[in-house]
Amino acid sequence: MQFSAEELHSNNGAVVIVGASHAGVNFAFNLRQQGWTGSITLIDSDPELPYHRPPLSKKTLQSAELKSTPLKAEKAYNDHNIDFKLGNKVTAVNHLTKQITLDDGQCIHYDKLMLATGCRAFIPPISGLEVNDSLNNRSIFTMRTYADAQAIKAALINSVDKHVVIIGGGYIGLESASSFIAMGAKVTVIEKQPRILSRVTSAVMSDFLTELHLNKGVELLTDKDVIEVKPLANKNTHKQVVVCSDGTEYCADFIIVGVGVRLNTQLALEAGVDVEQGIKVNEVCQTSNEDIFAIGDCTQQFSSLYQRWIRLESVQNAVDQAKLAAQFLTGKLPQGEPVQHTVPWFWSDQYDCKLQIVGLSEGYDELVVKQESAQQFSVWYFKADKLLCVEAVNYTKAYVLGTQAIKQNLLVDKTALQSGDALSKESLFLAVSS
Amino acid sequence: MAKVIFVTQNNGSMEVEGDSGSLMELAVANGVAGIDGDCGGVCSCATCHIYVDPADFDKVGAAQEVESDMLELDDKVTEYSRLCCQIDVSDQIDGMTFVVAN
């Protein structure tokens with residue numbers, strides 16, 4: 001029997017979305033805008049009106065009056081007839097009865113379930129390094145939620161010496177360091193690897209950012225393994241001592257742990273869908289169960305652009321996957337055409353430096369640095385002639401040209417890139433590569 | 001305090017008012033269709049593209065370098081394009097009309 005797109009996509013039925021961050025919220029709105037007429041229920045354990053996470057370590061932390069940056073106005077949820085249950089945790093999913101259970105005992109039926117469950121901060125198994133929300137005088141934090149940012153801000157204001165030790169020299173750690181410096185704190189960053197950001201970028205970028213943070217007064221220590229955290233012997237303070245494997249110790253008013261994430265895949269596992277490096281989804285974000293979908297940081301999807309399975313932690317990926325899944329569910333994807341691949345992009349703001357990244361550099365065999373000045377340059381990553389990624393510091397032009405080249409599969413003239421000439425489309429793009 | 005009008009791609013029109021923050025934040029707070037502000041207002045995503053009325057263009061002025069480069073990512077860019085996360089809500093823009101590009 002043949003079904004038309006309309007018949008396959010009835011546009012009604014109950015959609016339940018678990019996770020109300022960038023992915024979940026965008027999916028809810030997209031779904032409604034694409035014409036879904038059934039109920040849409042958005043659930044998140046975070047009680048806050050859904051907000052942007054990237055500003056937490058930057059603007060939110062630094063602003064005098066701490067406030068979140070809402071993704072959508074509260075009114076917009078009502079206007080789009082999106083029912084949200086905030087402050088509710090989903091405790092169970094039953095894929096046979098198509099029901100989820102909330103922590104208050106409520107059961108909700110779904111026709112289509114969307115898992116936008118994201119990640120949680122990883123706390124490495126180090127003695128004394130426990131993050132306990134219930135402690136009044138906390139001194140160990142992660143940076144993941146608005147509540148985290150609030151608690152960290154309070155800890156800084158209440159601290160005696162304003163000395164923060166950040167464990168982990170990744171983006172969260174470095175952005176937080178930049179904010180703390182702006183707020184007049186003393187900052188120590190401790191990184192286990194020989195260089196910061198070693199998992200995600202080249203030595204060129206690591207070296208630049210190392211220099212930047214050192215110049216701003218950050219004590220930046222690499223190749224240092226934290227083995228223990230303990231309260232300072234003096235009982236009158238909440239200070240902590242961070243002990244490293246080489247015997248060195250660093251005293252902190254409070255500690256930020258930024259050493260990566262763990263995926264929230266528990267519900268997916270319970271529902272019996274395939275999970276590997278993330279919840280495995282096809283090109284339209286459907287899991288191995290046709291009624292269960294997944295989007296955002298928690299997913300692993302085959303990239304037609306990079307010809308491998310990838311998992312991305314980014315706003316771009318959350319937004320693009322949300323759009324795609326909504327189009328699929330409402331029958332709006334063009335029939336018979338391959339799904340358009342998207343190009344990953346990221347950004348980071350540290351001090352007065354704007355870092356913009358397009359593409360993924362993994363697997364590069366050559367890099368070309370296009371330098372305008374000490375504070376303005378870009379790194380172009382190639383595999384043979386194929387441009388994989390561009391990282392640009394205070395150099396939006398390079399970011400934009402890199403985006404166009406990767407999106408349109410253009411061949412980039414490396415000689416032009418290496419010349420002293422200003423970047424331009426005309427000089428840079430040779431032809432469409434095959 | 002500024003009252004401004006957003007005209008969306010489906011020819012909807014919405015009058016909103018505010019006294020601080022960016023024009024993007026004002027649009028998002030009022031659910032203006034086509035203004036997403038995916039990056040939260042740091043000129044990194046180009047999802048808050050608007051056209052300024054040519055007669056009033058001087059009131060907001062031209063985009064700075066980062067913004068005009070970012071606008072190149074959108075095929076629908078014109079000489080009156082701006083990313084509204086880079087426009088402050090102030091008396092200066094009171095009474096203006098902005099056409100949402102997407």
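Visitor: What makes the strands in chain B a sheet, and in which order do they stand?

Guide: Two strands pair if DSSP finds at least two bridges between them, strands being DSSP runs of E with at least two residues and helices runs of H or I with at least four, both numbered from the N terminus. By that rule five strands of chain B form an open sheet in the order S2-S1-S5-S3-S4, with mixed pairing. This is a predicted model, in which local features need pLDDT of at least 70 and side-chain atom pairs count only at pLDDT 80 or more, while totals for chains, interfaces and linings use all residues. Residues are numbered from 1 along each chain as its sequence is written, and chains are lettered from A and ligands numbered from 1 in the order in which they are written.

Visitor: How do you know that strand S1 of chain B pairs with strand S5 of chain B?

Guide: Three bridges join S1(B), residues 2–7, to S5(B), residues 97–100, against the required two, so the strands count as paired, and they run parallel. Within this pairing, Ile5(B) has Thr97(B) of S5(B) as its bridge partner.

Visitor: Why are S2 and S4 of chain B said to stand at the edges?

Guide: Strand S2 (13–18) and strand S4 (81–83) of chain B each have a single partner strand, so one side of each is left without a neighbour in the sheet.

Visitor: How do you know that the span of helix H5 of chain A agrees with expectation?

Guide: The expected span is 1.5 Å times one less than the number of residues. For the 13 residues of H5(A), residues 146–158, that gives 18 Å, and the end C-alpha atoms are 18 Å apart, so the two agree.

Visitor: Which residues of H5(A) are called buried?

Guide: They are Tyr146(A), Asp148(A), Ala149(A), Ile152(A) and Ala155(A), where buried requires 20 or more other C-beta atoms, placed from the backbone, within 10 Å of a residue's own. Their cover includes helix H3 (59–62), strand S9 (140–141) and strand S16 (254–257) of chain A. Across the 434 residues of chain A, 44% count as buried.

Visitor: What makes chain A as compact as a globular protein of its length?

Guide: The globule rule, 2.2 Å times the number of residues to the power 0.38, is set against the radius of gyration over C-alpha atoms. For 434 residues the rule gives 22 Å, and chain A has 23 Å, which is close, so the description holds. Its secondary structure comes to twelve helices and 28 strands.

Notes: Buried ≥ 20, exposed ≤ 12 C-beta atoms within 10 Å, placed from the backbone. Contact = placed C-beta atoms within 7 Å.
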